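Here is my note on the model you sent over. Have the structure open while you read, and go through the points in order.

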Amino acid sequence: MTRDEIAKNAEQFMEDYSGIKIYDTPVFAFGHAADALYEEYKSPDVIGGHFLTPLEWLPDSKTVISFFLPYTERIKSANGRDYLWPADEWLHGRFEGHKLLLDISSYIQQLLSEAGYESLVPALDARYNLSGADTKFTSNWSERHIAFACGLGTFGLSKGLITEKGMCGRFGSILTKLDLPKDTRPYKDIYEYCTMCGACIPHCPVQAISPAGKEHLPCSDFLDKVREKSNPRYGCGKCQVNVPCESGIPKLKKV
C-alpha cells in the first residue's frame, strides 16, 4: 500500500456521505513514529508528561499518518457572517464532521490491516483522554501537535494550525507498522506560517485572543455556553474565518 493509495481511498470514502458537504479534498503528511520531537512534547512547557508518544501507543510503529480535512467554502462563509454565535453550518461541521473524521480514520486503519499492517487510531483507543482533572486543555494525543510534527503546518496566534489549505477544518491521525516514505518538515519555528497580523483578535466573541496569544479558559467557557444553546453540537471557529490564514498560508516568514 502506498501513500497515494491511502489518500485516494480516503477521498473516495468521503463521497459516500449525503447531505451538506462538510470537507474539501484532504491533505496528508507522513512522519516518523520515532521522531525525537514527540519526547519534547512531554515537557510541561509543551503538552506534559501525560502525552503518549506514537511508540507508546503502538510499539514498533513506523509511520504516523496525519491528515487535515478543510471545511468547504459554504461552512467557512456561513461562520464569517457575524461574530456573536457560531453558524449552524459550522456546528454541523464540528459535530457531524468529527464523526466523519473518525469514520475516515477507521476506514484507513481497516485498509492497512487488510494489507497486513497493524495500525491504530489513538482517538478511538480506550486510552485516549481528551482532558482530565489536571489536564483540562491538553490531551494525551494532540492532533495539532502531531500534524506539526509530520509537516502539515505551524501554529497561529489563535493556537490553530495553519496548513497549505488554511486552518478551517479538522485533523486526524493513524499509527501504522507500515514503513512509508516520510515527509520533511518545511519549517523550523512553531509560528512560522503566522504573520502575527492580529486579524483574529477582534473576531473572538469573548476577547480570549491578544497579541500575547490565546487564553484557554474564556474560550472554553464560551464553548460550554454554545453547547448549552445548541446541544449536542458545539464549536466556535470565529478566529479562523475572514482572516489571511483562513484557506491558506498567508505569508512565509523568513527564518
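1. Ground rules. This is a predicted model, where local features need pLDDT of at least 70, side-chain atom pairs count only at pLDDT 80 or more, and totals for chains, interfaces and linings use all residues. Residues are numbered from 1 along each chain as its sequence is written, and side-chain values use heavy atoms, with hydrogens and water left out.

2. The core. Start inside: in soluble globular proteins, nonpolar side chains tend to be buried together. Here the largest nonpolar core has 38 residues, and Tyr38 and Tyr41 have the most contacts inside it. (A nonpolar core is a set of buried Ala, Val, Leu, Ile, Met, Phe, Trp, Tyr and Cys residues joined through side-chain atoms within 4.5 Å; buried means under 20% relative accessible area, exposed over 50%, and partly exposed in between, with a 1.4 Å probe and protein chains only.) Two or more residues each come from strand 1 (27–32), helix 2 (37–40), strand 2, helix 6 (143–150), strand 5 (161–163) and strand 6 (169–176). Helix 6 gives the most, with 5 residues. (Helices, H or I with at least four residues, and strands, E with at least two, are DSSP runs numbered from the N terminus.)

3. Aromatic pairs. How many aromatic pairs does the structure hold? There are 14 of them. (Rings of Phe, Tyr and Trp, the last by its six-membered ring, pair if their centres lie within 6.5 Å; planes under 30 degrees apart count as stacked, over 60 as edge-to-face and the rest as tilted.) Look at Tyr71 and Trp90, an edge-to-face pair at 4.8 Å centre to centre with 70° between the planes. This pair links distant parts of the chain, 19 residues apart: Tyr71 is in the loop between strand 2 (63–70) and helix 4 (73–79), and Trp90 is in helix 5 (residues 88–114). Tyr71 and Trp90 are buried. Elsewhere, ring pairs join Tyr38, Tyr41, Phe51, Trp57 and Trp141 into a cluster.

4. Charges over rings. Arg227 lies over the face of Tyr234, 3.9 Å from the ring centre. Lys229 has its charged end over the ring of Trp85, 5.1 Å from the centre. (The rule: NZ of Lys or CZ of Arg is within 6 Å of the ring centre and within 35 degrees of the ring normal.)

5. Rolling a probe the size of a water molecule over the atoms shows where empty space is left. (On a 1 Å grid over the protein atoms alone, a cavity is a set of points where a 1.4 Å probe fits but cannot get out, and lining residues have an atom within 4 Å of a point; points are joined across faces, edges and corners, and the volume is the space filled by probe spheres set on them.) Its lining has 17 residues, with Leu157, Cys194, Cys197, Cys200 and Cys245 nearest the centre. By class, 13 lining residues are nonpolar, 4 are polar and none is charged. (Ala, Val, Leu, Ile, Met, Phe, Trp, Tyr, Cys and Pro count as nonpolar, Asp, Glu, Lys and Arg as charged, and the others, Gly among them, as polar.)

6. Most residues other than glycine have a negative phi, and most peptide bonds are trans. Met196 has a positive phi of about 55°, and Gln207 has one of about 50°. Met196 is partly exposed at 39% relative accessible area, while Gln207 is exposed at 60%. Also check Asn231 and Pro232, joined by a cis peptide bond with omega about 10°; Pro232 is in the segment after helix 7 (216–230).

7. A loop glycine. Is Gly48 buried or exposed? Gly48 is buried, with a relative accessible area of 5%, in the loop between helix 2 and helix 3 (54–57). The C-alpha atoms of Gly48 and Thr138 are 8.2 Å apart, although 90 residues separate them along the chain.

Note on methods. 1 Å grid on protein atoms, 1.4 Å probe; cavity = no way out; pocket = protein on both sides within 12 Å on 5 of 7 lines; lining within 4 Å.
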